[in-house]
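Hello,

Here is the structure I promised to hand over. Please open it first, then read my notes below.

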Amino acid sequence: MLRLAVPNKGALAEGAQTVLKEAGYRVRKDSKELVVIDPDNSCELFFLRPKDIAVYVGEGTLDAGITGRDMLQDSGARVEEILPLGFGRSTFRFAADPGVFSSVADLKGKRIATAYAGLLEGYLAEQGVEARVIKLDGAVETAIRLGVADAVADVVETGTTLRNIGLEVFGEPIARSEAVLIQRTDAVESPALRQLVRRLQGVLVARDYVMMDYDIRVERIEEAIALTPGMEGPTVSPLHREGWVAVRAMVPRTGHQQVMDQLWELGAKAILVTAIYACRL
Ligand SMILES: Nc1ncnc2c1ncn2[C@@H]1O[C@H](COP(=O)(O)OP(=O)(O)OP(=O)(O)O)[C@@H](O)[C@H]1O
Ligand SMILES: O=P(O)(O)OC[C@H]1O[C@H](OP(=O)(O)OP(=O)(O)O)[C@H](O)[C@@H]1O
Ligand SMILES: [Mg+2]
């Protein structure tokens, strides 16, 4: 059995549930389920607090987990990233009242509130800045107004929370994060974990690519293939029409409309785009 830790709530829970479901794993039916056993895939899913996941995996109690890269860095646990998952993207940034600070160097001797003390302390040490880290559990943006801190270091996604309380980011981003699959450092990879990784990679590729089909005159085929090279090379099949062929290739989802425009300019007809439901490359 592969023992996998999955966020039970918060910003990563829904994305984790969706990616696992698309990869063919059983997921929980309601948010009160703490453990789901999936005998068909030799897998047990444990729904845990996102911040605790790196700890469980690092201790070796669980084989792998889904958490945020920022949480992994914060934990100091003996875990490593195996696969970035492309959702739950955020940056981890300094913020303060507008115009007070402009870079991390200005924070020397100041108080910085955060819920990610490990990540912040690591960064301050790297930058050679000595400051006082005020450890809070959440809603850290309010700490400045309440006089507990001079600046905060927190997760920023849309920036709405900061704007609402009148704070502004400053300095370089401390970290860029997204959901990641993790395992214990130097863990021996099991067949069940290899299968999970392959399936998740398939889901991510299916999300990033579309399937494109079109008909083109034989003399324009090389130019068309340059636009749609596919993975190993596109499938080119005869058409029941003299001088024409049918082409099928995977194309990155981003920019696929431009590719369609360019194919149209080459004289391609019947250009069809369909979603890829699942794939294994
Ligand atoms: N808008 C967002 N707000 C918070 N976290 C986000 C957001 N977008 C992405 N994330 C990522 O989600 C993870 C944080 O998840 P979550 O908010 O559930 O944790 P938490 O704040 O410790 O938990 P809780 O809010 O329940 O105390 C981090 O990896 C963070 O980078
Ligand atoms: O840039 P935004 O899109 O506004 O998102 C970032 C905010 O969301 C998170 O808070 P969360 O809802 O997790 O509450 P918490 O601070 O109590 O963890 C995070 O801590 C920021 O406050
Ligand atoms: Mg939160």
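Start with helix H2 (50–59) and helix H3 (69–75): each supplies at least two residues of the shell around ligand 1. Keep in mind that this is a predicted model.

Ligand 1 has 17 residues around it, and Gly10, Arg49, Asp70, Ser90 and Glu157 come nearest. By class, that shell has six nonpolar, five polar and six charged residues. Domain 1 (2–88 + 178–189) and domain 2 (90–174) both contribute to the shell, so ligand 1 lies between them.

Now the contacts of ligand 1. A polar side-chain atom of Ser90 is 2.7 Å from one of its oxygen atoms. For Arg49, a polar side-chain atom lies 3.1 Å from an oxygen atom of the ligand. Glu157 has a side-chain N or O atom 2.7 Å from a nitrogen atom of ligand 1. On its own, ligand 1 has 610 Å² of accessible area, and the protein covers 72% of it.

Next, ligand 2. Its surroundings include Gly138, Ala139, Asp154, Glu157 and Thr161. Strand S9 (151–156) and helix H6 (160–165) each supply at least two residues of this shell. S9 gives the most, with three. The shell divides into three nonpolar, five polar and three charged residues.

Thr161 brings a side-chain N or O atom to 2.4 Å. Ala139 has a backbone N or O atom at 2.8 Å. Asp154 places a polar side-chain atom at 3.1 Å. Taken alone, ligand 2 exposes 490 Å², of which the protein buries 58%.

Best wishes

Conventions. Residues numbered from 1 in each chain as written. Chains lettered and ligands numbered in written order. Predicted model: local features only at pLDDT ≥ 70, side-chain atom pairs only at ≥ 80, totals over all residues. Heavy atoms only, no water. Near = heavy atom within 4 Å. Polar contact = N/O pair within 3.5 Å; in protein donor to acceptor, adjacent residues only side chain to side chain. Areas by Shrake-Rupley, 256 points an atom, 1.4 Å probe, with all protein chains shown as cover. Helix = DSSP H or I, 4+ residues; strand = E, 2+ residues; numbered from the N terminus. Nonpolar A, V, L, I, M, F, W, Y, C, P; charged D, E, K, R; others polar. Domains from an automatic or database assignment.
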